[in-house]
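Open the model in a viewer and keep the selection tool at hand. The stops below give a selection each time, followed by what is found there.

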Amino acid sequence: MSAWQSWRQAWARRRSRLPAQVAALARPLPARGTRFEALELVVLDFETTGLDPTRDQVLSAGWVPIGRGRLRMGGAREIRVRPRGAAGVGQSATIHGLFDSDLAQATDEAGLLAELLPALAGRAIAAHAASIERGFLRALLRRHGGVAPPNPFIDTLALERMLLEGAGERIDEHGGALMLGSARQRRGLGAHAQHSAVADALACAELLLAQVEHLGGVSRVRLRDLD
C-alpha cells in the first residue's frame, strides 16, 4: 500500500465514530499493484428506493467475495433493510419487487452496517455502475457516524466501456450496451435473475472475472488496471 493510501486509511480510521468501521479499517487495504490472483474484494449490490443517496434508501444489500481469482460463495450474503420513516418503498417496488410487508421484520441500517463492514475490511469493492453503491454506502456511513470508505472501487460498467473502446467498437449506451445483462452476454455469460441484490452481485462478480480474463488473466491483471 502506498504512503498516500496508508495516510488516507489512517485518516478515515481517526475520523470515524462508527465502531464497526473503525474495526474494519484496522485491516490494511490492498495496494494498487496487487495482482488479481492475490486480491481480496467484495462485489456489492444495493436495491434502493431511487438513485439519490441523499433522499432515497437502501432496501436490500447483497455481496459476493472474490479471493485469489475465485468466487467465494460461502461468504455471499443478502440483507434486507427496513425503510426509515413512514414513506416505505413507494413506487420502487415495481423495480425490485420488495414490498413494505417484505421488510417489516427486516434489520435497520445499523444492523446492515454491522454485517457489511466486516465483509469490506481489507478488501476492494466492485459494482456495476459503482457510483450508485459508492454514493449510498457513503451516505449510510455518514448517517451513523462513519466516513466515506477509503476502499478501492472497481466499476465493471466502466471496465466494459474501456474494453469496447479499446476494441474500436461503437457503444450505444442509450440502447443498453453497457447494462449488466448486455455486458454479460458480450462476455459469453448467460442470463441472470435480476433485481435480487445477491443475484445481481453474483452476476457482476462473474462479469468481472470474465473481464479480467479478457485483459490477460488473474496472474497478469493488477488492481490499478481496474480501478
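**Stop 1: the largest pocket**

Start with the lining of the largest pocket, whose residues divide into 14 nonpolar, eleven polar and five charged. The model is a predicted one. The volume of this pocket is about 750 Å³. Select Asp45, His128, Ile132, His195 and Asp200: of the 30 lining residues, these are the closest to the centre of the pocket.

Now colour by secondary structure. At least two lining residues come from each of S1, helix H3 (93-96), H6, H8 and H9. Which element gives the most to this lining? Strand S1 does, with five residues.

**Stop 2: the second largest pocket**

Move to the second largest pocket, which holds about 200 Å³ of space. Select Gln5, Arg8, Pro150, Asn151 and Pro152, the closest to its centre among the 13 residues that line it. Helix H1 (residues 3-15) gives the most to this lining, with four residues. By type, the lining residues of the second largest pocket are six nonpolar, three polar and four charged.

**Stop 3: salt bridges**

Side chains of opposite charge can pair when their charged atoms come close. With a cut-off of 4 Å between a side-chain nitrogen of Lys or Arg and a carboxyl oxygen of Asp or Glu, the count comes to eight salt bridges. Three of them are visited here, one after another.

Select Arg32 and Asp227. Their closest N and O atoms are 2.9 Å apart, and the two residues form a salt bridge. What does this pair tie together? Arg32 sits in the loop between helix H2 (19-24) and strand S1 (40-48), while Asp227 is in the segment after helix H9 (197-215), so the bridge joins parts that are 195 residues apart in sequence. Arg32 is partly exposed, at 38% relative accessibility. Asp227 is also partly exposed, at 39%.

Next, select Glu109 and Arg143, whose side chains meet in a salt bridge at 2.9 Å, N to O. Glu109 belongs to helix H5 (residues 109-120) and Arg143 to helix H6 (residues 130-143), so this pair ties together parts 34 residues apart in sequence. Is Glu109 buried or exposed? Glu109 counts as buried because its relative accessibility is 6%, below the 20% cut-off. Arg143, at 37%, counts as partly exposed.

Then select Glu206 and Arg184. A salt bridge of 2.7 Å, N to O, joins their side chains. Glu206 lies in helix H9 and Arg184 in helix H8 (residues 180-186), so the parts tied together are 22 residues apart in sequence. Glu206 is partly exposed, with a relative accessible area of 26%, whereas Arg184 counts as buried at 4%.

**Stop 4: Asp56**

Select Asp56, in the loop between S1 and strand S2 (58-67). Asp56 is buried, with a relative accessible area of 10%. Show polar contacts around this residue. The side chains of Asp56 and Thr49 are joined by a polar contact of 3.4 Å. The Asp56 side chain also reaches the backbone nitrogen of Leu51, at 3.1 Å.

Which residues is Asp56 in contact with, leaving aside neighbours within four places in sequence? They are Thr49, Gly50, Leu51 and Phe136.

**Stop 5: Val221**

Finish at Val221, in the segment after H9. Val221 counts as buried, at 2% relative accessibility. Not counting residues up to four places away in sequence, Val221 touches Thr34, Arg35, Phe36, Val212, Leu215, Gly216 and Leu226.

How far apart are Val221 and Gly176 in space? The C-alpha to C-alpha distance is 27 Å, and the two residues are 45 residues apart in sequence.

Notes: Residues are numbered from 1 along each chain as its sequence is written. This is a predicted model: local features need pLDDT of at least 70, side-chain atom pairs count only at pLDDT 80 or more; totals for chains, interfaces and linings use all residues. Side-chain values use heavy atoms; hydrogens and water are left out. Buried means under 20% relative accessible area, exposed over 50%, partly exposed in between (1.4 Å probe, protein chains only). Contact means heavy atoms within 4.5 Å. A polar contact is a pair of N or O atoms within 3.5 Å; within protein, one must be able to donate a hydrogen and the other to accept it, and residues adjacent in sequence count only if both atoms are side-chain atoms. On a 1 Å grid over the protein atoms alone, a cavity is a set of points where a 1.4 Å probe fits but cannot get out, and a pocket is an open set with protein on both sides within 12 Å along at least five of seven lines; lining residues have an atom within 4 Å of a point. Grid points are joined across faces, edges and corners, and a volume is the space filled by probe spheres set on the points. Ala, Val, Leu, Ile, Met, Phe, Trp, Tyr, Cys and Pro count as nonpolar, Asp, Glu, Lys and Arg as charged, and the others, Gly among them, as polar.
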